[in-house]
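Okay, thanks for coming, everyone. Let me put the structure up, and then we'll go through a few spots in the backbone.

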Amino acid sequence: MLRIQNVSKTYPNGTQALKNVSFDVKDGEFLVVIGLSGSGKSTLLRCINRLIDPTEGQIFLDDVDITAAPPAKLRQIRRKIGMVFQQFNLVKRSSVMTNVLSGRLGYVNPWTSLIGLWSADEKKRAIEALGRVGIADKAGARADALSGGQQQRVGIARALMQEPNLILADEPVASLDPVLSHSILQYLEQLNKEGITVICSLHFLDLVHRYATRVVALKDGIKVFEGSAQEIDRARFKEIYGEEAQEVRAASV
Amino acid sequence: MKTSRLFRNALITTLVIAAFVVSYNVTDADFGKLFRNLPNGQKLITDFLTPDVVTRDVETRTVSIAFPVPCDSAPAEADLPDNGPRLVPSVNCANPLEKFTLEGFDLEPDSEVVIRWKLPDERTMTAIRTNTDAEGYFTFEVEARPIIASANGVASRLEVDTLTPVGKFKPSPTLKEVLDAMFVTIFMALLSTTIATFIAAPLSFLAASNITRRGLIGSAVYYLMRFIFNVLRAYDPLSMALLFAFWLTFGPFPGAMALTVVTIASLGKLFSEAVENIDPGPVEALQATGASPIHVVRYGVLPQVVPDFISYIVYHWDINVRISTIIGFVGGGGIGYLLNLYINDFKWNQAGTAIWAIVIVVWAMDFLSAEVRKRLT
Ligand SMILES: Nc1ncnc2c1ncn2[C@@H]1O[C@H](COP(=O)(O)OP(=O)(O)OP(=O)(O)O)[C@@H](O)[C@H]1O
Ligand SMILES: [Mg+2]
């Protein structure tokens with residue numbers, strides 16, 4: 001469904017975050033992107049929905065060139081790509097309900113939503129989305145009154161409102177404890193089983209083994225590995241994480 | 001190296017002293033005056049401390065006697081009563097320029113006394129004002145001036161009014177005048193703050209780098225807005241008010257307009273900084289959903305900045321009440337203008353009332369804006 005073709009990204013300050021990265025993502029995959037901090041995982045995910053414009057290369061979603069889409073077309077494409085963030089990125093002062101509803105902005109009447117009016121249908125859809133992540137009772141709460149794990153579930157509910165074909169999750173569990181991490185990833189796994197393709201960046205290898213159907217590894221902006229989690233042996237690991245990472249691996253796998 | 005530093009320090013010291021001497025001379029500094037003029041100040045301060053805020057109804061009672069000048073020009077008061085409210089002159093007639101003592105007995109106690117002559121042709125001439133004591137007694141030396149001479153056998157009469165405050169205290173006319181003017185000032189400030197908010201709020205987004213500064217046109221708009229805000233902010237409200245006064249003539253309206261312009265610039269800057277300080281995360285998240293830019297602002301930016309905006313608005317209203325007081329002083333209407341009138345007429349009690357009103361309102365606004373800001377964070 002997604003084809004990433006020779007993508008490079010150089011930031012204005014000269015940092016080369018991605019170097020000629022290419023790979024394909026098939027429908028229904030749970031693709032995990034791994035790599036050290038600063039290896040370019042966020043940059044890669046953001047290039048896919050063009051929160052960042054790649055400097056070179058192309059990205060095709062179902063044969064539509066995302067990288068060449070003009071603004072209106074881009075919004076239409078983004079509508080079908082949900083995104084979940086490490087820092088949740090909720091509007092903290094708004095209610096959970098408003099945060100979830102705002103995932104629907106690409107679909108609804110632009111005028112009524114501008115003055116904050118939402119149809120009963122949309123509200124019902126929002127409650128359903130919250131129900132799927134188990135926090136329908138929190139709809140009226142302010143977003144910042146929720147715990148981290150709950151906020152991330154609101155983030156997933158917001159993405160669900162987009163009726164996405166693809167969800168990009170940039171280290172969705174990096175700010176959460178291990179138990180919560182599993183619960184959040186299980187929601188993503190569930191959605192994946194229902195047919196939504198997931199591209200997710202992760203830090204911990206045990207999580208990668210548990211959830212990934214396929215893995216892409218980045219090092220200094222270069223794709224150094226593509227394959228199943230099982231293929232990541234000692235040598236591969238050293239290649240991705242460097243010599244000093246040995247100890248950490250023992251602890252985390 | 002050492003000598004050059006010594007030289008530099010000596011130079012700086014000399015310059016500082018020179019600057020001090022110059023400023024001492026141009027401001028005509030005379031600190032002794034502060035003490036020499038203390039008696040003047042005392043009267044002023046007493047008046048300011050007893051502002052004119054309440055009055056009571058006054059009951060007037062009049063007693064009078066005939067008093068021929070010169071003697072024999074007309075019949076004197078026949079028989080003076082020896083009880084009840086009464087006037088007792090030391091002589092029952094007098095020749096011109098003679099002085100005599102006038103006493104009053106059993107009048108209204110603790111009242112203001114107005115002693116006057118009622119001439120045969122019905123004209124009256126106030127001689128003096130004094131007060132009765134707790135027993136209703138007063139005494140005063142009166143001069144029989146030639147003008148009060150009898151005419152055609154009719155004597156002038158000595159009339160004494162006692163003015164006694166009765167009934168409840170009620171707001172004085174000055175207080176009403178001051179409150180009306182205060183009302184004008186507060187609403188002049190509110191009007192200009194409101195108009196300025198409606199103009200500054202949308203413009204502030206254009207002057208926020210995280211919203212506007214994209215591409216060539218965006219950058220141009222951003223720098224233009226910044227430039228406009230900065231230029232407008234460079235004018236102080238007072239000169240702006242004078243500018244508008246020449247255009248729109250004096251009164252509250254040009255004052256409010258001047259205040260509006262200054263407030264647009266100031267709020268525009270504060271607002272745009274609030275917009276620049278938002279958490280960019282939610283904005284990105286909304287962009288990622290495919291929302292249009294205006295919806296990103298509505299759902300991602302607005303909720304983050306509205307509390308800040310409100311606290312800046314209240315804060316600026318507070319500031320504008322102070323500024324409009326000063327603008328009023330130069331003819332902009334409201335309490336400042338009234339205060340200026342009182343001062344020009346040497347009505348120190350009334351000026352005291354106006355100043356107290358300003359102090360109380362400024363304090364209240366300050367308190368209110370602090371409370372609002374506390375609640376919003
Ligand atoms: N906006 C930016 N401007 C300049 N350089 C950036 C910017 N964002 C990221 N970089 C640089 O690009 C490189 C890749 O960053 P990126 O955030 O994609 O890495 P990451 O793999 O997501 O790291 P982490 O695990 O810490 O999130 C890093 O060297 C980073 O410093
Ligand atoms: Mg990252």
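Start with Pro70(B), which sits in the loop between strand S1 (54-67) and strand S2 (86-89) of chain B. Strands here are DSSP runs of E with at least two residues, numbered from the N terminus. The peptide bond that leads from Val69(B) into Pro70(B) is cis, and its omega is near -10°.

Before I go on, a word on what we're looking at: it's a predicted model, where local features need pLDDT of at least 70, side-chain atom pairs count only at pLDDT 80 or more, and totals for chains, interfaces and linings use all residues. Residues are numbered from 1 along each chain as its sequence is written, chains are lettered from A and ligands numbered from 1 in the order in which they are written, and side-chain values use heavy atoms, with hydrogens and water left out.

Now over to chain A. Asn6(A) isn't a glycine, yet its phi is positive, about 50°. You'll find Asn6(A) in strand S1 (residues 2-10) of chain A.

Then there's Asp63(A), also not a glycine, with a positive phi of about 70°. Asp63(A) is in the loop between strand S4 (56-61) and strand S5 (64-65) of chain A.

Last stop, the domains of chain B, with bounds from an automatic or database domain assignment. Chain B gets domain 1 (2-36), domain 2 (56-170) and domain 3 (173-376).

Conventions: Helices (H or I, at least four residues) and strands (E, at least two) are DSSP runs, numbered from the N terminus.
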